[in-house]
Amino acid sequence: MGTKGAKHRPEPVEGLEEDSCLSVIPIYRTSIRDSYCVPRATTLRLKKTSLWSVDSNILDYRGFYVFRKTGSHVSGSVMANSLEFSDDVGNILASYEKKTTCGASIAVVMLGAAPTPGHTVATLEHRYWGSQSMVNIYLHEVEGELERVVPGPDIRVKGDIGGYCYQFYMSGVKIAQVNLAPENQMYTLEIGPWVDIAFLTICASAIDMLHTRARVSVLDNLLFCLGSMPCFSCCHHPDSDSDISQ
């Protein structure tokens with residue numbers, strides 16, 4: 001029997017099957033890995049985004065450095081418009097750039113360094129609504145020189161984003177989740193089997209930054225106080241906010 005005040009342990013992530021794995025970020029050519037998808041759950045520890053700095057190392061459960069995120073512009077503060085993500089030997093894997101729209105927070109994930117990025121691989125749509133904020137993630141398909149956005153969100157993020165207790169769902173399957181870590185100013189990211197570890201790490205970091213910015217944004221808070229959701233005419237294929245079957 002549990003004791004009074006005992007912490008609730010979240011249900012483990014489900015992940016995907018090998019033949020339907022989610023692989024988005026390509027492995028750097030000098031890596032010994034085949035991909036960032038592994039046949040087991042992976043837990044990483046990330047530092048919360050602060051108003052003064054977004055730069056930090058991302059650690060595995062042993063405390064070893066796995067990835068690093070680095071901000072640019074405005075001295076790497078939360079007001080930075082871009083982030084870069086590198087692996088443990090300094091190879092830049094991808095970058096994130098915040099786009100300005102009519103009240104919505106949009107982040108674009110691109111391969112390579114921010115100054116000269118490659119293909120766009122995903123778009124994140126953040127809807128600030130206090131503790132009920134939501135994020136939709138749209139994957140981009142690239143065929144040769146052609147690039148298109150897959151209709152409808154491929155991944156939905158539900159839960160208490162500001163409280164660091166939320167989940168990533170893909171086709172109704174929980175593929176990853178975020179929870180507060182025992183250490184001060186840290187949170188954990190649990191990623192399911194056959195789900196791109198680098199990509200989900202980038203998404204979780206981008207969500208943390210978008211939400212932190214929204215909390216101090218006059219416009220986002222004004223829309224929240226007025227009880228009005230942002231305009232999404234600039235977003236890709238917005239759809240209903242129906243609950244995800246779990």
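Leaving aside neighbours within four places in sequence, Leu 22 is in contact with Leu 16, Cys 37, Leu 139, Ile 155, Met 170, Ile 175, Trp 194, Val 195, Asp 196, Phe 199 and Leu 200, where contact means heavy atoms within 4.5 Å.

First, the basis. This is a predicted model, in which local features need pLDDT of at least 70 and side-chain atom pairs count only at pLDDT 80 or more, while totals for chains, interfaces and linings use all residues. Residues are numbered from 1 along each chain as its sequence is written, and side-chain values use heavy atoms, with hydrogens and water left out.

Now the chain. Its secondary structure comes to 2 helices and 13 strands; these are DSSP runs numbered from the N terminus, H or I with at least four residues for helices and E with at least two for strands. Of the 246 residues, 50% are buried. Buried means under 20% relative accessible area, exposed means over 50%, and partly exposed is in between, with a 1.4 Å probe and protein chains only. Among contacts with a separation of 6 or more, 49% are between residues 24 or more positions apart.

Back to Leu 22. Which residues have the most contacts inside the largest nonpolar core? They are Leu 22, Ile 25, Ile 137, Phe 168 and Phe 199, in a core of 53 residues. A nonpolar core here is a set of buried Ala, Val, Leu, Ile, Met, Phe, Trp, Tyr and Cys residues joined through side-chain atoms within 4.5 Å. The largest share of this core, 11 residues, comes from α1.

Next, α1 itself. Of its 19 residues, 18 are buried, so α1 is largely enclosed by the rest of the structure. The helix covers residues 197-215, and at 1.5 Å a residue it should span 27 Å; the end C-alpha atoms are 27 Å apart, which agrees. The expected span is 1.5 Å times one less than the number of residues. At the start of α1, a side-chain oxygen of Asp 196 comes within 3.1 Å of the backbone nitrogen of Ala 198.

Tyr 166 and Phe 168 form a tilted one, 5.8 Å centre to centre with 55° between the planes. Rings of Phe, Tyr and Trp (its six-membered ring) pair if their centres lie within 6.5 Å; planes under 30 degrees apart count as stacked, over 60 as edge-to-face and the rest as tilted. Both Tyr 166 and Phe 168 are buried.

Cysteines next. The structure holds 0 disulfides, a disulfide being a pair of cysteine sulfur atoms within 2.5 Å. For Cys 37, the nearest cysteine sulfur is that of Cys 21, 4.5 Å away. Cys 37 is buried at 7% relative accessible area, and Cys 203 is buried at 0%.

Two backbone points to check. Tyr 164 is not a glycine, yet has a positive phi of about 55°. Ser 171 also has a positive phi of about 55° without being a glycine. Ser 171, in the loop between β11 and β12, is exposed at 74%.

Last, Pro 12, in the segment before β1. Pro 12 is exposed at 55%, and touches Lys 174, Gln 177 and Glu 190, not counting residues up to four places away in sequence. The C-alpha atoms of Pro 12 and Ile 191 are separated by 9.4 Å, at 179 residues apart along the chain.

How values were computed. Polar contact = N/O pair within 3.5 Å; in protein donor to acceptor, adjacent residues only side chain to side chain.
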